[in-house]
Each structure stands twice: as structure tokens, then as C-alpha cells.
Amino acid sequence: MKRYWMGLDIGGTKCAVLLATVDGGIHLKDKLRFATCSERGFEPVYAQLTAAMEEILQKNGLSYADVNAIGVSCGGPLDSRRGVVLCPPNLPGWVNIPLKALLEERCGVPVYLQNDANACALVEWKLGAGRGCSDMIFLTMGTGMGGGVIAEGRLLRGCTDMGGEIGHLRLAEDGPVGFGKAGSFEGFASGGGMQRQARALTEERIREGRAPAWVRDGHTPEEADARLLAEYARAGDADAKAFFDHIGTMLGKGLALLTDTLNPEKIVIGSVFVRCEDLLRPAMEAELKREAIPFSLEGLQVVPAQTGEALGDLASIMAALYGCGVDPMEETEEKAPGVLEHYERLFRRYPALEGLREPVMEAYLLLHRCYAQGGKLLIVGNGGSCADAGHMVGELMKGFYLKRPFPEKQRAAIEAQTEALLPGTAEKLQRALPAIDLTQHGALSTAVQNDLDPLLTAAQQAAGYGKPGDVILGISTSGNAKNVALAIATAKALGLSAIGLTGGSGGQLKELCDCTIIAPSSVTADVQEYHLPIYHTLCAMLEAKFFGDGEKE
């Protein structure tokens, strides 16, 4: 499978073109955004979208030949099976647009179109709060109340692609208007509906001669919305608390209908619920308990969405992955519990490294794939980094956090051969993750220095030890150590993958390596201090993955 995926996020206010890789998750590599200016109609927006697609590919040195598929997330109504945008109210002039056919003809790669709420549901199902569920409902609870339904392990679309239009459910004979219907779920419980109700409440209290606290504090009725009233509710204001109790009750009423109809394991709610869960949950749960079938409630969890601000960006990429039958988390197995424990521990202990989450995970995935396929790691560095290379080998070649006993059959074979020499050898020896420090081997190193060129000492060893599928890791605080760069360039030419562990701007290693972890400093000592916990974490993650059932040392 090719490495890259593209996404188009098409909205009435803004559009985005995204480029991503997929390896144990979706990793966004680049993004271009522009204002939709939807009043222009279809043709100008489409022309700008395709120009942005070509710009982002050119910027990254790619072509459509490097892309597996393109996913499109767009407001409905639409026909995802045929890939036709029907008539979204926020995109005037987009009527019966065969977007899938247009893009496939232009780009020569598969294109998959999804309703934006369904695409977001797929993201939360595969990457967020619904991970591992077979039956899940996702509610946007943003400006509107969109929804997506996962039933028995697949997205429920319905015969005309209108499955999941949860906001249209009527919760009362009369009430706030949403989705074109008075008393609808969207009217009561969406962010837009809450804003309209907050303003109506404010104006009513003013007419009654008892202006609410936020008006007395200088806010106008037009400023009243969920965010403002949440501040007052948390401060104990009775009007604001009553407002959220009412919204929570109507939310619970809507969830009860969904629970009785679909019997989900989880209901995942985004946007307003993420920010105001504490204010909404008590009344919501009370209404759910009153209205829903008790047996259905026994297995139900109502939880906030987890993917946060990235949800919209990930949705279009997820549309492509789902269309191709790819689960981004099943591309690797890095989610073994111990692996993520070490990963998260690094950033808890060293907050300054928070910005390195993606390259640390990317380096782990490269090493995981290498070892899973029977490969080995070559490591090279200078000075203090030379010591780090040897240190890292020590953690990989024997137990670090865990004991690594051989399987019983191998232990028996080793014991049979070594018992006369040293009884108990088989119980003492441990399994290893093969790693070679290219800074050692005195006889070879001095021969290369005398006969060839001192700068080629590590490159010669990389040429001798390396084979396709192996990984070379170069450590240089500046990223410009010439002997390290030569070793990596040689290894890359022979089919090895390369990881750089550097500082400053990344130097030459940033250009040479498949993945570069750049410590956030240009001071040599500081960079080296950051390198230690980074490579300790990589070693610990790999050990947890391959020997996670072992006892602690």
C-alpha cells in the first residue's frame, strides 16, 4: 500500500485539503485551508479545491501516483454510494454534483464521499471514544445536531443515505426550531438551539423585570449562549443552572429514544457536551433512567468525544480509509498497554517534549516494523552521542524494565548444551532486540581509518551489517556530524530506513532521515539530556511490545 492519503473537508464557511500518512493512527502531514465563499457556487470552489490539492502534492514532492485514495467530508444531503452531492443548504449551487466521478477522472485514484457527521462518527469509532465498540452513536452537538450510527461493526447509512439524521427527531409538540422542525432534538440540544434558548430566556427575564446576572454584569441578550451561561452556572447562578438542567433533560429524552431503538454500547457526544458535560450530565442521566429500557441502560456509556479539534481534519481522511477497508489502528500493534504507558510517561515527565509526540511514535513504528520482520538496528554517534549509542544497545540487547526469558523449548536446548560449563545458563540468558553500535570494533575501525577515510568508519560498517528492512539511527546534537550523515546516506542507498536523533534545526540528518526527532534546544548539553529519556522511552516501548508478558527486572 502506498504511504499517502488525501482528504477534502468541504464546508459552507471554509474548506481544507489534507495530506496524511497512516501507521497506528492518522498522521497529518500538511494542510491548506481557504474560505469557501459559498455564494460563488460550485465551479469556483471546485477549481480552488483542485488547485489546492495540486499545490499540496507539489509542496511535498508528490504526485497522485503516491496517493492511495481521496476522502471527501461534506454536508448532506448526499449519495455516498454514487458519490453525488445532492443539495446541501450551506453550499448553494451544489445540486446533483457527481463529485466522486469528477475527482476520479482528474486524479486517477479512488474517491470516497461521506456525510460530514458520518465521517466524524467513523473517526470517533476508530480513533476516539468509541474505539473497540461494535455499536455506537455519535452526536455532533455543535451548531446543529448531526449524527452517525455504527451498528454491528459498520456505518449505518440507510437506503437514501439519510441514516443518522438524529437532529430531526421531535422531542415535544412545540419548542425551539431546529432542522426545520419545532420541538426537534436539534432545536433543544444543539449549540445553535441552546444559543437561541439562552437569548429567549434572557429576554423573558428582562420583560419580567428580573434581569439575569449576566445582563446585570453588562452582557446583552445577543451575547447569551452556552459558553456564557456555563460560566454563570459553575459560579452557582440559579437561572444558568436551571437552563442547563432543562437542556440536560431534553438531551436525555433524545438519548433515550436512540437507546431504545438502537441499543448502543456507547453514545459519543462532541462539541458542547465536551465543554459542558458536568452541567448536562446529572439531568441527562436522570431523564435517561426515567425514559429508557433498563436492560438497554445496563450496557450503555454516554461519553464525550476524544479527538477534539482534530476531528474535522481527520474526518475526510477517515472517509478514504473506510472506503478502502483500512483500520488505521490495525496497521500496527503499538497499542499494547505497556507501549502507551511508556510513551505517555515521557511527556508527563518532560513537558518540553510535548511537541515530539508524532516523531517519537513514528520512530517507534519504524523500529517495531523492523524487529517484527526479523531486522536489526544500527546506531552511530560522536562524543557524548557515541556513549548514547552504546547505552541504547545495552537496553535493547538484554532486559531493561522486564526479564526476557527464552521460551521453554529453547531454554531446554540451551541448558542441554551449557549445563556442563555453567549450570543455570538457560535461566540467566535473555532474549534480545538485535542492535549494533557502529562506534565500536577497534580493529575494523582503525583499519578503515588508516586504509580508507576516518569519516567512513561507520559508513563501512553500515554497508557491511545493513540489509533492506534494517534501521539505522544516527545521533548528533547538531544534526551535522559528517561521519554520521555519511553512514546514514550509505545505509539509505542500501535499502535501510533511517531515524535521526538531533537538536537545533535538525541539520543534515533532518534531510536524510525518514523520521527525525529534534530535541527543543540548540545547547549541546541540553540536547543530550533530552536524548536520554527519548531513547529510553523507545527502548521501553519496544520491550513492552515484544516481551510484555515478562516479569519486571
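A residue counts as buried when its relative accessible area is under 20%. Keep that cut-off in mind as we walk through this model, which is predicted.

Let's start with helix H3, which covers residues 116-127. Of its 12 residues, 10 are buried, so H3 is largely enclosed by the rest of the structure.

A disulfide is a covalent bond between the sulfur atoms of two cysteines. How many disulfides does a search of the whole structure find? The count is 0. Cys120 is in no disulfide, and the nearest cysteine sulfur, which belongs to Cys74, is 12 Å away. A pair of sulfurs has to lie within 2.5 Å to count, so that distance rules the pairing out. Cys120 has a relative accessible area of 12%, so it is buried. Cys386 is likewise in no disulfide; here the nearest cysteine sulfur is that of Cys539, 16 Å away. With a relative accessible area of 23%, Cys386 is partly exposed.

Next, turn to how some of the helices cross. Helix H1 (residues 42-59) and helix H2 (residues 99-107) have axes that come within 13 Å and cross at roughly 40°. Angles under 35 degrees would count as roughly parallel, and H1 and H2 are therefore oblique to each other. Their crossing is right-handed. For helix H5 (residues 191-207) and helix H8 (residues 238-262), the axes come within 12 Å and cross at roughly 140°. That makes H5 oblique to H8, as an angle has to be over 145 degrees to count as roughly antiparallel. The crossing of H5 and H8 is right-handed.

Our last stop is a strand. Ala498 lies in strand E18, made up of residues 497-502. Is Ala498 buried or exposed? Its relative accessible area is 0%, so Ala498 is buried. Ala498 also shows how the fold brings sequence positions together: Leu377 is 121 residues apart from Ala498 in sequence, yet their C-alpha atoms are 9.7 Å apart in space.

Conventions:
Residues numbered from 1 in each chain as written. Predicted model: local features only at pLDDT ≥ 70, side-chain atom pairs only at ≥ 80, totals over all residues. Heavy atoms only, no water. Helix = DSSP H or I, 4+ residues; strand = E, 2+ residues; numbered from the N terminus. Expected span 1.5 Å × (residues − 1). Buried < 20%, exposed > 50% of the residue type's maximum accessible area, 1.4 Å probe, protein only. Axes fitted to C-alpha atoms, helices over the stretch in contact; angles between N-to-C directions. Parallel < 35°, antiparallel > 145°, perpendicular 65-115°, else oblique. Left-handed = near helix turned anticlockwise from the far one by under 90°.
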